[in-house]
Amino acid sequence: MKIVSSIDELRDQLRGQLRTVFVPTMGNLHEGHLSLIRLARKHGDPIVASIFVNRLQFGPNEDFDKYPRTFAADIEKLEKEGVYVLFAPTERDLYPEPQEFRVQPPPDLGNILEGEFRPGFFTGVSTVVLKLFSCVQPRVAVFGKKDYQQLMIIRNMSRQFALPTDIIAAETWRAEDGLALSSRNTYLTEAERAEAPTLYAELQSVADAVRNGDLNVSLIEKQSMERLAARGWKPDYVSIRKRIDLQPPTAGDLAQNSPLIVLTAAKLGATRLIDNLEI
């Protein structure tokens, strides 16, 4: 595996490649990330992964400085998966001058759910992804469904900018007890880790209620948040949305069995976890 940090080095390494497949990450790799690499292998060659903790998507009171960085271990994992190039730029490499041009997602998608509780987050994500795409110029890029809203924003951005990159969605990788794998899971204490699968259990409970014909969406959401709060969680949202645009379903949508998804974000102790489940 070749490790490069500069954009020029990366472009030299990939010159002439027409089927590059790309998996962008922020490092601290786990089985969820590695499942993206394995899926990528089915869609192109060579495989390029990136590791970059993107300051633009962190709010002023978020965990940029303490975000887990495990570069040596990450390299070992990527080598075992047969990655061709690891692009690991420094901030100076990727942002040699202040990144004053930004990609602003539309408010009806970028300012809801995660965007409401993390203002500017999706602007930071969209900007870095567009820049990484410009650097790598992949034919295919793979993103996980755990970050469902992010996946939708990147997919829409790629379509509207006519980028020559197909976005492939990978299923959420879960631990045996149902907890969605996340780099931030390492923040959990032992007791919190034992409690954490409750979040996925709540998603299943909400999905079951909808599948069983309960159409009182606001009450289902409210009761789910109350159950989480009763167990010591601090939920930001439990929200049933239409898969197509992440807008709240109308009575007509529910009557017509439009494809839905339930999304949640909640703090357990100091750790904020997100998850979702398609209905």
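This is a predicted model: local features need pLDDT of at least 70, side-chain atom pairs count only at pLDDT 80 or more; totals for chains, interfaces and linings use all residues.
Residues are numbered from 1 along each chain as its sequence is written, and side-chain values use heavy atoms, with hydrogens and water left out.

A polar atom of the H30 side chain lies 2.9 Å from the backbone nitrogen of G32. Leaving aside residues up to four places away in sequence, H30 touches L181, S182 and S183, contact being heavy atoms within 4.5 Å.

## Helix α2

Helix α2 is largely enclosed by the rest of the structure, because eight of its eleven residues are buried. These buried residues are G32, H33, L34, S35, L36, I37, L39 and A40, and they pack against β2, β3 (47–51), α3 (71–80), β5 (140–144) and β6 (166–170).

## The α7 and α8 pair

The axes of helix α7 (residues 121–136) and helix α8 (residues 148–160) come within 10 Å and cross at roughly 50 degrees; axes are lines fitted to C-alpha atoms, for helices over the stretch in contact, and angles run from 0 to 180 degrees between N-to-C directions. The two helices are therefore oblique to each other, since angles under 35 degrees count as roughly parallel, over 145 as roughly antiparallel, 65 to 115 as roughly perpendicular and the rest as oblique.

On the α7 side, F121, F122, V125, S126, V129, L130 and F133 meet Q149, Q150, I153, I154, M157 and S158 of α8. The residues of this contact divide into nine nonpolar, four polar and no charged, where Ala, Val, Leu, Ile, Met, Phe, Trp, Tyr, Cys and Pro count as nonpolar, Asp, Glu, Lys and Arg as charged, and the others, Gly among them, as polar.

## L263 in strand β8

L263 is found in strand β8 (residues 260–268) and is buried, with a relative accessible area of 5%. Its C-alpha atom is separated by 9.7 Å from that of E114, which is 149 residues apart along the chain. Not counting residues up to four places away in sequence, L263 touches L113, Y148, L203, Y237, V238, S239, R241, L246, D275 and N276.

How values were computed: Helices (H or I, at least four residues) and strands (E, at least two) are DSSP runs, numbered from the N terminus. A polar contact is a pair of N or O atoms within 3.5 Å; within protein, one must be able to donate a hydrogen and the other to accept it, and residues adjacent in sequence count only if both atoms are side-chain atoms. Buried means under 20% relative accessible area, exposed over 50%, partly exposed in between (1.4 Å probe, protein chains only).
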